[in-house]
Amino acid sequence: MIFIDPIKDEENYTYSTIITYPKTTQISHGVYDNTVDMMNMITMIKTNIVERNITNVKGGKTDWKFFNDKIEFQRFLDYIVKKHLNMNPIFSRETWYCNKPEIDAWGNELKKGEYVKTHQHDHYHVILYLTEGNPLFIPELKITIKPQIGSYYIFEPFILHGVPEVTDDKNRYSLVANIKQDPNWEVHEELNKKNNI
């Protein structure tokens, strides 16, 4: 079993880890240190849960696009794009600035007895941990990630992952975003016109 050690707060670095077992994938990760924004994100998730136990998240979830227009999420997104511009292909200048991928960003809440079913995303996705909590298991790669406040991970598409049942009374909060490389071009055309791009 591979454990990805969390980055210490004083290490304001970013990493990309290449794993081959049984397939090769890149996991980019780092630490986001805007504690005020992360505290605000937790409050927003707590007060905007719209469903429980409906999706693969067998817990609480906001609307799929809840964080899309939130300034706190935009600051986080700007941070990781700049940090990983030359390290991760999803954040290359051509992919990010020319093709303008579409993004869905939402919040998850797990309480005692809740969990995340093992599943995969069709797109690149980012997880930002807003609290500590149960580990993220990536069974096919034999990886366990222990969440820490501010730690984030960027995964390639089709990586199976899940979270075991929460057994303590401390709620677990995270922000998740899908980065779609085949965006709805009509939506982006309207946005570009609106922003004079």
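View 1. H125 sits opposite N178 in β14. The two strands here, β9 and β14, run antiparallel and are joined by six bridges. Strands count as paired when DSSP finds at least two bridges between them. Strands themselves are DSSP runs of E with at least two residues, helices are runs of H or I with at least four residues, and both are numbered from the N terminus. A quick word on what you're looking at: this is a predicted model, where local features need pLDDT of at least 70, side-chain atom pairs count only at pLDDT 80 or more, and totals for chains, interfaces and linings use all residues. Residues are numbered from 1 along each chain as its sequence is written, and side-chain values use heavy atoms, with hydrogens and water left out.

**View 2. Strand β14, under cover.** How many residues of β14 are buried? Nine of its nine, where buried means under 20% relative accessible area, exposed means over 50%, and partly exposed is in between (1.4 Å probe, protein chains only). In a regular strand, side chains alternate between the two faces of the sheet. In β14, R172, S174, V176, N178 and K180 point one way, while Y173, L175, A177 and I179 point the other way. β14 also pairs with β7 in the antiparallel sense, over nine bridges. Along that pairing, G107 stands opposite L175 of β14.

**View 3. The largest nonpolar core.** Zoom in on a set of 29 residues, in which F67, F73, F76 and L128 have the most contacts inside the core. A nonpolar core is a set of buried Ala, Val, Leu, Ile, Met, Phe, Trp, Tyr and Cys residues joined through side-chain atoms within 4.5 Å. Elements that give two or more residues to this core are α1, α2, β7 (102–110), β9 (124–129), β12 (151–155) and β14 (172–180). Which element gives the most? That's α2, with six residues. There is also a second, separate core of 19 residues, which includes Y129, I138, L141 and V176.

**View 4. L128 and its neighbours.** Leaving aside residues up to four places away in sequence, L128 touches Y32, M38, M41, F76, G150, S151, Y152, S174 and L175. Touching, or contact, means heavy atoms within 4.5 Å.

**View 5. Helix α2.** This helix covers residues 71–84, which makes 14 residues, and reaches 20 Å from its first C-alpha to its last. That is close to the expected 20 Å, a span worked out as 1.5 Å times one less than the number of residues. Its buried residues are E72, F73, F76, L77, Y79, I80, V81 and H84.

**View 6. β8 between two pairings.** Strand β8 (residues 115–119) pairs with β5 (residues 57–58) in the antiparallel sense over two bridges. In that pairing, V57 has V116 as its bridge partner. β8 is also joined by two bridges to β13 (residues 161–163), again antiparallel. Here H119 is partnered with H161.

**View 7. V50, out in a loop.** V50 lies in the loop between α1 (35–46) and β4 (51–52). Is V50 buried or exposed? Exposed, with a relative accessible area of 57%. Not counting residues up to four places away in sequence, V50 touches K61, T62 and D63. V50 and D63 are 13 residues apart along the chain, and their C-alpha atoms are separated by 6.3 Å.
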